[in-house]
Amino acid sequence: MHYHLTAARKNKKPNFVGSFDIGEHVFFFFRETAVEYINCGKSIYSRVARVCKRDTGGKNILSQNWATYLKARLNCSIAGEFPFYFNEIQSIYKIPNDNTHFYGTFTTSTNGLIGSAICSFHIDSIQDAFRGKFKEQATSSSAWLPVLTNKVPEPRPGQCVNDTETLPDTVLNFIRSHPLMDSAVSHQNERPVFYKRDTILIKLVVDKLRIDFLGLDLEFIIFFAGSNDGRIYKIVQWTDTDDITQSSLLDILDVTPGEPIQAMEISKEHKSLYVTSDHRIKQIDLYMCSRRYDNCLRCVRDPYCGWDKDLNNCKSYVPG
């Protein structure tokens, strides 16, 4: 089934960065020209869209087109009186066997102040946005506003049904003209995991570690973010004793100098990170402890590593 573009979406050419099959839905992550901003100029926004797996289109209206397609804006920003937005999603990652979190790299538009951020999103926040109000523009010159609840037909557009060809025309007409949700999907902790000026982060892979430390069950999330100049930024995130989420830049690896990183993958089996650019492929040891850290303080900040007091060097972490 092809991607349906209504008149409002023609020539917008979405840039898709990833999709995931979860439960009864497929989720798509992409960036596109923001129709809701068009009266103020041209801007690119990041989106997550949702389609029911059993969607076979409508009977007459939306025949051969999705009848459950909804989309919402993804908010990756630094909070403040005037929030600073990283509007353009570049990559999205989901840890295998974990359907609750999505991690993405986002950039500013490249014709102003350049910067990048990593933001995380919980599946509940995404589903909340799709349960919320729809967005509409009454005329081509009016502002985009939430649709009044009494104007939304039944069954609610976008919900999964056994056979989409049985959906009434009122529902199909509504979803054709109202694919956009009013609320944006908020990122976790109301702030990015990491952000940096003058850097364009284009790829991301994420690993999760559980460590038993002095009887405490600690969880660490390690981010490997690849840049357009061949560097990998290694960031760790954890929750402190006050239940506040913290993050820290651990290391910067110059992997494919001068060449944008095109793909990355983690292999837990080989304890390696695989990185490709247009002309190179590299295998990097996840546990680069002795080669990267020469003192105890830097060593123990990395969840993969631990300091050996007897030998005075940094080694792969083992309990004790």
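Over the ring of which residue does the charged end of Arg73 sit?

**View 1. Arg73 and the rings of Tyr45 and Tyr85.** The charged end of Arg73 sits over the ring of Tyr45, 3.6 Å from its centre, and Arg73 also lies over the face of Tyr85, at 4.7 Å from the ring centre. A charge counts as over a ring if NZ of Lys or CZ of Arg is within 6 Å of the ring centre and within 35 degrees of the ring normal. This is a predicted model, in which local features need pLDDT of at least 70 and side-chain atom pairs count only at pLDDT 80 or more, while totals for chains, interfaces and linings use all residues. Residues are numbered from 1 along each chain as its sequence is written, and side-chain values use heavy atoms, with hydrogens and water left out.

**View 2. The aromatic pair of Phe20 and Phe102.** Rings of Phe, Tyr and Trp (its six-membered ring) pair if their centres lie within 6.5 Å, with planes under 30 degrees apart counted as stacked, over 60 as edge-to-face and the rest as tilted; by this rule there are 16 aromatic pairs. Phe20 and Phe102 form a tilted pair, 5.5 Å centre to centre with 50° between the planes. Phe20 belongs to strand E1 (residues 15-22) and Phe102 to strand E8 (residues 101-107), 82 residues apart; strands (E, at least two residues) are DSSP runs, numbered from the N terminus.

How values were computed: Helices (H or I, at least four residues) and strands (E, at least two) are DSSP runs, numbered from the N terminus.
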